[in-house]
Amino acid sequence: MRPARWLAFISVVTTSLLHLTVPAASAQECPVTVGAFPSAAELRALNAKVAGFGVRSTGSPQHRRLIDWLERMVDRLPGVSVRSEGFTIQRWRPGPGLLLGPGAVPVASAIPYSAPGLRSGELVRLPAGVPITADNARGKVVLRDFPAVDRGYFAEPLLHQDMVDAGNAGAAGVVVAFPFPHEQVKGYWDPHLGTHYRVPGVFVGSDAAVELQVGTRTTIGVLAARDRATTRSLIATLPGTSSERVVLDTNTDGVGWVQENGTVGLLALAEYFAELPLRCRTRTIEFVFATGHLHRAAEGSEFRARALDAEYDSGSVAYAFVLEHLGTREFLPVDGRLRPTGAGEFSAWFAGSPALAGAALTALTARGVDRTFVLAGNDPPVPDRAPPQCSFGGIGTHFHSHLVPTMAMISGPWTLWAPAFGARAVDHDRMRRQVLAAGDAVLALGTVPREQIAGPYPALRQARASGAATCSHDLPPEEVR
């Protein structure tokens, strides 16, 4: 099967596997790889529970119920203490979209953060590459094809810009037509920046798009609400024999079975490590269930990364490890539909130092996790920047770009923002192998000194302090500027 283009321009980390030794006495007493662990069926049941809360848009009642449930799940574990970090947001409460041409046209979903309300205008098709301006869009409903991208998540910057441009142009609204049928894109959710747009927007499937008639008066509507709300991240701390911390992170807001099932992985790992004797946890483990990834103006992982950055030089943090989009199956476009290839989706395990990369490679090999690349970054390196590569593909970027030693496991399938695929999107046997590999890496690094784990990060932090260019940590605005 063809690899995703996003893997084509980044090089695989080439590093020899490290021989991580454990003293003989502790080897007899403490595990060097994860032993008893939930089965694939048990992980599937947990994933069904998470997905069963529905669309967990940031700060929504469904999202709050999920966070409350997660809090109860980790609070019952022996030795774990839980606290929250709260944020106030301008919430977008999703509702259905409406589209009327000569007749009613089925709407797959409202474009997230589009303006509530009902507007009408002539329907005009603007091909890809043609900017939306006042001259071609004022007072009109703009029809766009979904961008021609290798995976859906690559479309976010283009979708965002179209919504911004349409608002600035005074358009009546935006319709984005997928090349896939309504049943596959129902509930599609992206962009997820948390920036509120000035126009209503809707997605339609390919079978619905043929009902639209360019040049006719068309009415577009989004039945949603905007209001102030609070949301929170959970931070569950499991003490070790030292106060030096390992931080495991994922986000809680999401849609469907893929985004975000990292919560399932973190729950399983929290239970496993909580059941180990204290002497077998050489470091304190902090499990972060972060909010704000579907409202990135309040990205909880970014705020956690800022705090770790401020603490790192004191010696209290060893590394961060992010888990996202686990066990995903590959779906590719064939004859106008997304169809399963029978393989796992390509995934990446980003690692910012040789010690972290070595632990990742060892764990992936031992657990037989295929189609996974150990990578130094997801963007072209920039010499003399600290770090040279900023992106770890997802929320791991926040920790790495703040120069906290970081690993991040992530995939980006077509099903990421398409909840209609449900449980079919996830191979829970694969998810189990991935989470076991993650736990193995944490155990293997337990006896590796912090300085060895850090690798190039201390020198990068020195370079930053001396004025070297670094990565942007700006978060998207809540309102279009």
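Trainee: Leaving out residues up to four places away in sequence, which residues does Asn-261 touch?

Mentor: Keep in mind that this is a predicted model. Asn-261 touches Asn-47, His-325, Leu-326, Val-426 and Met-431 once those sequence neighbours are set aside.

Trainee: Is Asn-261 buried or exposed?

Mentor: The cut-off for buried is under 20% relative accessible area. Asn-261 comes out at 0%, so it counts as buried.

Trainee: Let's move on to α8. How do I read the reach of α8 from its first C-alpha to its last?

Mentor: Hold it up against what 1.5 Å a residue would give. With 14 residues, α8 spans 20 Å, close to the expected 20 Å.

Trainee: How many of the residues of α8 are buried?

Mentor: Start with the general idea: an α-helix has 3.6 residues a turn, so residues three or four places apart point the same way. In α8, twelve of the 14 residues are buried, so the helix is largely enclosed by the rest of the structure. Among the buried ones are Gly-262, Val-264, Leu-266, Tyr-272 and Phe-273.

Trainee: What about Ser-81: which strand is it in, and what is it in contact with?

Mentor: Ser-81 belongs to β1, which covers residues 81-93. Skipping neighbours within four places in sequence, Ser-81 is in contact with Ile-235, Ala-236 and Thr-237. Its relative accessible area is 43%, so call Ser-81 partly exposed.

Trainee: How far apart are Ser-81 and Gly-201 in space?

Mentor: They are 43 Å apart, C-alpha to C-alpha, with a sequence separation of 120 residues.

Conventions: Residues are numbered from 1 along each chain as its sequence is written. This is a predicted model: local features need pLDDT of at least 70, side-chain atom pairs count only at pLDDT 80 or more; totals for chains, interfaces and linings use all residues. Side-chain values use heavy atoms; hydrogens and water are left out. Helices (H or I, at least four residues) and strands (E, at least two) are DSSP runs, numbered from the N terminus. Buried means under 20% relative accessible area, exposed over 50%, partly exposed in between (1.4 Å probe, protein chains only). Contact means heavy atoms within 4.5 Å. The expected span of a helix is 1.5 Å times one less than its number of residues.
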